[in-house]
Amino acid sequence: MNIGWYLAVSTLIFSIGAAGVLTRRNPLVILLCLELMLNAANVALIAFARMHGNGEGQIFAIVVMVVAACEVCIGLGVVVALYRRRLPIDVDELRELQG
Amino acid sequence: MAELFFFIAGIGAIAGAVGVVTLRNPFYCVLALVSHLLSLAALFLLLRAEFVAAAQVIVYAGAVMVLYVFVVAYIGGGEQPALRPPVGRGQRMIAGLCTLGLFAELMVATLGSGLKAIDSEGAPYRPGFGSPAQIGELLLTKFLLPFELASFLLLIAAVGAVVLARRRGGVGEAGDERRMSALEFARGPAPLGVGSMAEAAGDIPGGVDAESSGSVSSTIGERGGW
């Protein structure tokens, strides 16, 4: 398969993830949509690594996975803290980030 | 044959992504994301990135998604969407327009970039490309600093998640709980309020007075430690 096909799939997944971030209300689902966008970037990185024939793009993809894991960790911590304080799990009602 | 696998995996990935965005129940969203990640791992294999595909399946679809499932089960996200209507039509229209614009722009940016190799299969395959040996060698020689920084980032994120999610005296529950100050923490007989897992799960009451803390610590000992 040509590299362009992989880039097209990556672009489409990124757009779907962006649409999810814009339309969903639940912060958990917004985190999932962020994962979609990061994974789309991963596909593009690995496709370009294949195009150039060296492994450096794959290292980038692994670093992106690490960053995604950290983001999930902190994001889910925030969601659990919200739930503990009996705040609504809804980004439209959480207009202020005061303690 | 590669074309067939590409289309199966690509359609699976796109269907999973659409499922994440459209499904109502957050638990089903997580399951859709798992199928999406598995399809992406197949795509990575087609691109000869064997190590990244394995890491994707084990770390992402395994560990990270289990974390999501735990949090969804803890919060019980099923009843949330029924309480409130979905976002308004205006917001949905604007989001769709923004997404279409983004999609067109990214397509132009990637496919219209004029790189000649985009229309080819890529560089000729060398044995060992994308293997764990090559990735490990790169990580420990050329990309040593990013590797160490990534490990630091993971450590900081783990500490941050524990600090964020631990139980503490909140706005609504000020009556029966009190904050541990640093001084109390230093001189207390049993250091409660340290944000341990057992405390976060509510097994240990957050703030107890001094005479009952001995019994609490004994119960901790019976349960087999923190």
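This is a predicted model: local features need pLDDT of at least 70, side-chain atom pairs count only at pLDDT 80 or more; totals for chains, interfaces and linings use all residues.
Residues are numbered from 1 along each chain as its sequence is written, chains are lettered from A and ligands numbered from 1 in the order written, and side-chain values use heavy atoms, leaving out hydrogens and water.

**The salt bridge**

- Glu56(A) forms a salt bridge with Lys142(B), with the closest N and O atoms 2.4 Å apart; the rule asks for a side-chain nitrogen of Lys or Arg within 4 Å of a carboxyl oxygen of Asp or Glu.
- The pair joins two chains, because Glu56(A) lies in helix H3 (residues 56–84) of chain A and Lys142(B) in the loop between helix H6 (132–140) and helix H7 (144–165) of chain B. Helices here are DSSP runs (H or I, at least four residues), numbered from the N terminus.
- Lys142(B) is exposed, at 52% relative accessibility.
- Over all chains, the count comes to one salt bridge.

**The interface**

- Contact (heavy atoms within 4.5 Å) takes in 72 residues from chain A and 88 residues from chain B.
- About 7,400 Å² is buried between chain A and chain B, and carbon and sulfur atoms give 72% of that area. Buried area is the accessible area (1.4 Å probe) that two parts lose on being put together, summed over both.
- In chain A, the residues that lose the most area to chain B are Met1(A), Arg50(A) and Arg84(A), together 11% of what that side buries.
- The elements giving two or more residues to the side of chain A that touches chain B are H1, helix H2 (27–52) and H3 of chain A.
- H3(A) supplies the largest share of that side, 22 residues.

**Helix H1 of chain A**

- Helix H1 (residues 3–23) of chain A has 21 residues and should span 30 Å at 1.5 Å a residue, which agrees with its end C-alpha atoms being 31 Å apart. The expected span is 1.5 Å times one less than the number of residues.
- H1(A) is mostly covered, with 16 of its 21 residues buried.

Key:
Buried means under 20% relative accessible area, exposed over 50%, partly exposed in between (1.4 Å probe, protein chains only).
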